[in-house]
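Here's a quick look at a model, starting with its aromatic side chains and then zooming out to the fold.

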Amino acid sequence: MGSEAQAPPHRRLRSPRTRASALVALAVLAASGVLLYDAVSEWTGHHPGSWRHWLADQLATRHLDSAWVLAGAAVVASLGVWLLVLALGPGERRWLPLRQAPDTVVDRLGVAALLEWRVCAEPMVASARVRVGRRRARVTVHGSADFDRAGVVLNEELDRIGLVRRPDLKVRGRRARHRPHRQ
Amino acid sequence: MNRTTVNRVLLAVIGAVLLIGALLVLVGGFDVYHRLAVTPPSWWPLISPHQPVLSTASRTRWRDRGWWWPAVVAGFALLVVLSVCWLAAQLRRPEPAEIELPTHGTPGLRLRLRGPALSRAVQEAALHLPEVTAARVRLLGHPHLARRRARLRAQLLLKPGSDPSAAVVAFQRGPLTYAYGAVGGELPLELRLQVASSAGEPPALERRARRRRAKERRREPRVV
């Protein structure tokens with residue numbers, strides 16, 4: 001994602017997907033363990049569990065256009081899509097890459113804290129609410145300050161932070177109904 | 001292949017299997033082949049909406065063969081073993097126990113640095129930087145392939161209003177340079193920065209700010 005030709009590559013962090021893999025592995029383990037137990041017990045001449053009898057019966061009698069089958073298939077399909085998204089998406093959406101060095105990231109809440117700190121230092125700003133997404137940063141400034149000036153200051157602050165992909169800044173001003181808290 | 005790649009490939013395979021199976025059922029159930037006037041090949045499963053999901057005939061087709069139960073049991077046993085391995089790989093911390101240090105050709109001498117000792121030292125050095133209030137440093141890599149693929153991951157909490165780029169430079173000049181000196185070579189660095197929010201919000205936003213601060217506190221690096 002480096003914009004200059006000789007700039008080092010600024011990759012996004014890739015999540016190792018540890019938790020999702022642990023969950024899926026646990027689910028596969030549980031399902032295959034139960035089926036293994038049942039298969040062994042039937043192989044050795046015992047009766048299969050009543051649950052499996054019920055399941056086989058349901059699978060053999062329910063037709064494909066039954067609502068239960070279609071609903072189950074829809075749920076399984078969305079689960080499959082979700083797993084594919086987890087497998088292909090980079091994840092770690094909380095961290096934004098910094099231009100300063102490769103593999104250096106800053107937390108979105110941290111960017112929000114910096115923007116808030118900067119705009120609250122402006123005169124006549126009572127408070128500010130900052131939400132930083134990966135593409136947009138929305139700032140609501142409360143107070144009787146010059147909101148255009150606040151926008152300029154916030155843009156400067158975003159430049160100072162130096163993100164690889166600079167979010168678009170949206171500044172909204174709200175006149176404070178009370179006397180501003182900070183001078 | 002590292003753990004990230006293995007996890008992502010397995011998740012993709014399982015997701016694709018689930019998606020394809022479910023799509024076959026959905027396409028058959030809504031009678032899409034008939035409506036589109038497509039004739040699937042004869043071996044294609046789940047064509048008609050009036051057929052069961054898994055008929056008794058196809059479930060018990062090979063039941064009387066001698067290899068059926070051994071094959072079923074072996075298949076499930078393999079799945080159990082593989083999923084246990086996969087699960088165990090998630091529970092392990094990918095941390096090399098020690099790093100081999102260069103001895104500059106001294107015969108009979110082997111120097112090793114314990115991984116936690118290195119990360120503790122880098123963490124202490126990071127905490128001495130003026131803008132850092134908390135730090136967590138870990139040495140990552142494969143436990144047995146000591147030096148080759150080891151890398152350093154540092155997470156720093158900066159004071160309100162600090163400059164992230166300056167903090168990166170300070171970390172590279174200070175703690176990271178010491179680590180290079182100790183190891184006698186470069187270690188890839190992954191640096192994660194957090195910035196504390198300023199204290200003392202005005203009363204109007206206090207409740208929301210308190211909630212947000214609580215959220216941030218949960219995300220702050222803990223100092224060990």
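In this predicted model, ring pairs link B:W62, B:W67, B:W68 and B:W69 into a cluster. Rings of Phe, Tyr and Trp (its six-membered ring) pair if their centres lie within 6.5 Å; planes under 30 degrees apart count as stacked, over 60 as edge-to-face and the rest as tilted. By that rule there are five aromatic pairs over all chains. Two of them look like this:

| Pair | Centre distance | Plane angle and class |
|---|---|---|
| B:W62 and B:W67 | 6.2 Å | 40°, tilted |
| B:W62 and B:W68 | 6.4 Å | 40°, tilted |

How covered are these rings? Taking buried as under 20% relative accessible area, exposed as over 50% and partly exposed as in between (1.4 Å probe, protein chains only), B:W62 is partly exposed at 34% and so is B:W67 at 44%, while B:W68 is buried at 18%. B:W62 also has B:R61 over its face, 5.2 Å from the ring centre; that label needs NZ of Lys or CZ of Arg within 6 Å of the ring centre and within 35 degrees of the ring normal.

Zooming out, chain B has seven helices and five strands (DSSP runs: H or I of at least four residues, E of at least two). Along the sequence they run α-α-α-α-β-β-α-β-β-α-β-α. Of the 224 residues in chain B, 38% are buried.

Housekeeping: residues count from 1 along each chain, and chains are lettered from A and ligands numbered from 1 as written. Local features need pLDDT of at least 70 and side-chain atom pairs 80 or more, while totals for chains, interfaces and linings use all residues, and side-chain values use heavy atoms, without hydrogens or water.
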